[in-house]
Amino acid sequence: MVRVKSRYLLCEIGGSDRSSLLLLDDRAVAVAVKAAVARTHGDYGAALCSIRFSVKYLNTHTGMVLLRFPKSCYRLLWSALPFITNIETHRKNVPCFLNCVHVGGTIRTCQKFLIKYNQQQLHRMLPECEKEEEKQQIREAILSCSLIPETFEDELESDDDDITQRSERWRPQFS
């Protein structure tokens with residue numbers, strides 16, 4: 001059996017009113033994306049994107065959404081994203097846009113990119129802070145951004161050192 005390959009698009013939802021983005025849910029985002037693809041690419045695009053399309057992650061507080069598509073048609077979706085100008089949810093139109101920040105082959109690569117992206121955003125916020133208390137909170141947030149806990153990172157580093165030492169001992173000698 002051959003593995004079915006997918007692409008994951010990590011997009012940032014932007015808008016003028018950040019509080020209205022809290023109304024969004026994953027179903028509304030999925031409907032808006034499918035409608036944009038259908039408007040842009042017609043029945044062909046709608047049919048391709050209806051296969052294995054899903055919204056894997058939506059965080060309305062940070063405005064990040066993770067979309068999964070088949071590998072063969074992710075460029076169709078990517079080209080339709082600029083045509084999303086509003087998302088209808090709970091009978092309200094929320095004016096917003098989707099900006100693709102990363103395309104990955106796995107959810108894990110998108111998670112790693114999202115951590116780096118959030119760290120960059122926090123570094124940009126640091127000079128704008130006026131109070132020392134705010135600066136300290138942002139520094140703590142920057143240090144807490146990681147995919148695996150720090151205790152495991154230390155163990156992994158010590159295991160890497162042991163492997164390096166063992167490989168040096170067992171290196172064959174040619175004369």
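Me: Leaving aside its neighbours within four places in sequence, which residues is N93 in contact with?

Reply: This is a predicted model, and contacts are read from it as heavy atoms within 4.5 Å. Apart from residues within four places in sequence, N93 touches N86, I87 and E88.

Me: Where does N93 lie?

Reply: N93 belongs to strand β5, residues 92-95. That strand runs antiparallel to β4 (residues 86-89), and four bridges join them. The bridge partner of E88 in β5 is N93.

Me: Is N93 buried or exposed?

Reply: The general idea is a cut-off: a residue is exposed over 50% relative accessible area and buried under 20%. N93 counts as exposed because its relative accessibility is 52%.

Me: How many residues apart along the chain are N93 and S20, and what separates their C-alpha atoms?

Reply: N93 and S20 are 73 residues apart along the chain, and 9.4 Å separates their C-alpha atoms.

Me: Now the sheet. In what order do the four strands stand?

Reply: The order is β2-β3-β1-β6, in an open sheet with antiparallel pairing. An edge strand pairs on one side only, and here the edge strands are β2 and β6 (97-104). From one strand to the next, the twist averages 25 degrees.

Me: Which helix packs on the sheet, touching β2, β3 and β6?

Reply: That is α1, whose direction makes about 35 degrees with that of β3. Another helix, α3 (residues 107-125), lies across β1, β2, β3 and β6 and runs at about 120 degrees to β6.

Me: How many bridges join β1 to β3?

Reply: Seven bridges join β1 (residues 6-14) to β3, and the two strands run antiparallel. Y8 has R68 as its bridge partner in β3, and L9 stands opposite L67.

Me: What pairs β3 with β2?

Reply: Five bridges pair β2 and β3, again in the antiparallel sense. N59 stands opposite M64 in β3. The hairpin of these strands has four residues between them, and G63 takes a positive phi near 75 degrees there.

Me: How many residues of β3 are buried?

Reply: Seven of its seven residues are buried.

Me: How many aromatic pairs does a search of the whole structure find?

Reply: The search finds three. One of the pairs is F53 with F69, at 4.5 Å centre to centre and with 45 degrees between the planes, and it is tilted. This pair links distant parts of the chain: F53 is in the loop between α1 (26-50) and β2 (54-59), F69 is in strand β3 (residues 64-70), and they are 16 residues apart.

Me: Why do F53 and F69 count as buried?

Reply: The cut-off is under 20% relative accessible area. F53 is buried because its relative accessible area is 10%, and F69 is buried because its value is 1%.

Me: Which residue lies over the face of Y74?

Reply: R7 lies over that face, at 5.9 Å from the ring centre.

Notes. Residues are numbered from 1 along each chain as its sequence is written. This is a predicted model: local features need pLDDT of at least 70, side-chain atom pairs count only at pLDDT 80 or more; totals for chains, interfaces and linings use all residues. Side-chain values use heavy atoms; hydrogens and water are left out. Buried means under 20% relative accessible area, exposed over 50%, partly exposed in between (1.4 Å probe, protein chains only). Rings of Phe, Tyr and Trp (its six-membered ring) pair if their centres lie within 6.5 Å; planes under 30 degrees apart count as stacked, over 60 as edge-to-face and the rest as tilted. A charge sits over a ring if NZ of Lys or CZ of Arg is within 6 Å of the ring centre and within 35 degrees of the ring normal. Two strands pair if DSSP finds at least two bridges between them. Axes are lines fitted to C-alpha atoms, for helices over the stretch in contact, and angles run from 0 to 180 degrees between N-to-C directions.
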